[in-house]
Amino acid sequence: MSFLGSNIKVLRRKSGLTQTQLAEELGVQRTMISAYEDGRSEPRLTTLLTLSKIFDVSMDELTGWDIAIKGRQFLQRERLKILTVTLDQDEQERISMVGKKASAGYLNGYADPEYMENLPNFRLPNLDGNKTYRAFEISGDSMLPLMPGTVVVGAYIESPMEIKNGKTYVLVTKNDGIVYKRVFNYIEERGKLFAVSDNQTYKPYDISIQDVMEIWEAKAFISSHFPDPTPSAPVSLEEIGKMILEIKSDIRKISDH
């Protein structure tokens, strides 16, 4: 546990907590937090578990990873995983299609070449040929005006640090499955992503970065639904009055001729 004291101090400061505030959450005296951070005392197992929940950090990282020197583990520039892709006869990548019925199996089969080969696949023009793409059928109305059944085509993101605030992404997660959301990046500050639905009746929520298995940046969508014209705002009485005056003026001009 040589890194424990330093890690508690780093994570506490990153979370914006004082020693007093952290002590209140743990139910201990402030002096005990100081002792933890200075290495003069070590927390009990139950306290360690509480600390891991407060800071959203694994026990391994809390006790065995030098956060002060190396930074958080999830910030390391590594690929999320090795992708399994489908190639055509010319060894060009195809876009694998994960339909609504296949989405549950995808969580277990995305790394299985045999599973991926059985998914429908296709190609689209005008996409950057240097990226890997996958298509996901979305369900629910959380991202209106895109309708349920719309297929979102995403480009694979190697690192969660590449997520740009306010852009839409398909996230493959351990707890929530496949979700399509507008995402905000709070990884450095909190180790989390903030997922927002365009349909404001759905509440925003946090997604722990440890829960994320794949990230796909939305690049295109395919839908059989043609959007209706945007309804115009109601015409006010004042505007109706102006239109009537303009019509009367035009009538007078015609009569004068």
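Biologist: Which helix is Thr-47 found in?
Modeller: Thr-47 is part of helix 4, which covers residues 45-55. Keep in mind that this is a predicted model.

Biologist: Buried or exposed, that Thr-47?
Modeller: Buried. Its relative accessibility is 13%, and the cut-off for buried is under 20%.

Biologist: What is Thr-47 in contact with, leaving aside neighbours within four places in sequence?
Modeller: Leu-26 and Tyr-36. Leu-26 belongs to helix 2, where it takes part in the contact with helix 3. Tyr-36 sits in helix 3 and takes part in the contact with helix 1.

Biologist: OK, let's talk about helix 3. Which of its residues are buried?
Modeller: Ile-33, Ser-34, Ala-35, Tyr-36 and Glu-37.

Biologist: And what do those buried residues pack against?
Modeller: Helix 1, helix 2 and helix 4.

Biologist: Start with helix 2. At what angle do the axes of helix 2 and helix 3 cross?
Modeller: Roughly 105°, and the axes come within 8 Å. Helix 2 is residues 19-26 and helix 3 is residues 30-38. The angle falls in the 65 to 115 range, so the two helices count as roughly perpendicular.

Biologist: Which residues meet there?
Modeller: From helix 2 you get Gln-19, Thr-20, Leu-22, Ala-23 and Leu-26, and from helix 3 Arg-30, Ile-33, Ser-34 and Glu-37. By type, that contact has four nonpolar, three polar and two charged residues.

Biologist: Now helix 1 and helix 3. How far apart are their axes?
Modeller: 6 Å, with a packing angle of about 120°. Helix 1 is residues 4-14. This pair is therefore oblique.

Biologist: Which residues of helix 1 meet helix 3?
Modeller: Gly-5, Ser-6, Ile-8, Lys-9 and Arg-12, and they meet Ile-33, Tyr-36, Glu-37 and Asp-38.

Biologist: What follows helix 3?
Modeller: Gly-39, with a positive phi near 80°.

Biologist: Switching to rings. How many aromatic pairs are there in the whole structure?
Modeller: Four, from a search of the whole structure. Take Tyr-106 and Phe-136: their ring centres are 5.8 Å apart and the planes sit at 85°, so this is an edge-to-face pair.

Biologist: Where in the chain are Tyr-106 and Phe-136?
Modeller: Tyr-106 is in helix 7 (residues 103-109) and Phe-136 is in strand 3 (residues 133-137).

Biologist: Which residues make up the cluster of ring pairs?
Modeller: Tyr-106, Phe-136, Tyr-156 and Trp-216.

Biologist: How many bridges join strand 4 to strand 9?
Modeller: Six, and the two strands run antiparallel. Strand 4 is residues 151-156 and strand 9 is residues 212-222.

Biologist: Which residue in strand 9 does Val-151 stand opposite?
Modeller: Ile-222.

Methods: Residues numbered from 1 in each chain as written. Predicted model: local features only at pLDDT ≥ 70, side-chain atom pairs only at ≥ 80, totals over all residues. Heavy atoms only, no water. Axes fitted to C-alpha atoms, helices over the stretch in contact; angles between N-to-C directions. Helix = DSSP H or I, 4+ residues; strand = E, 2+ residues; numbered from the N terminus. Parallel < 35°, antiparallel > 145°, perpendicular 65-115°, else oblique. Contact = heavy atoms within 4.5 Å. Nonpolar A, V, L, I, M, F, W, Y, C, P; charged D, E, K, R; others polar. Buried < 20%, exposed > 50% of the residue type's maximum accessible area, 1.4 Å probe, protein only. Phe/Tyr/Trp six-rings, centres within 6.5 Å; stacked < 30°, edge-to-face > 60°. Pairing = 2+ DSSP bridges.
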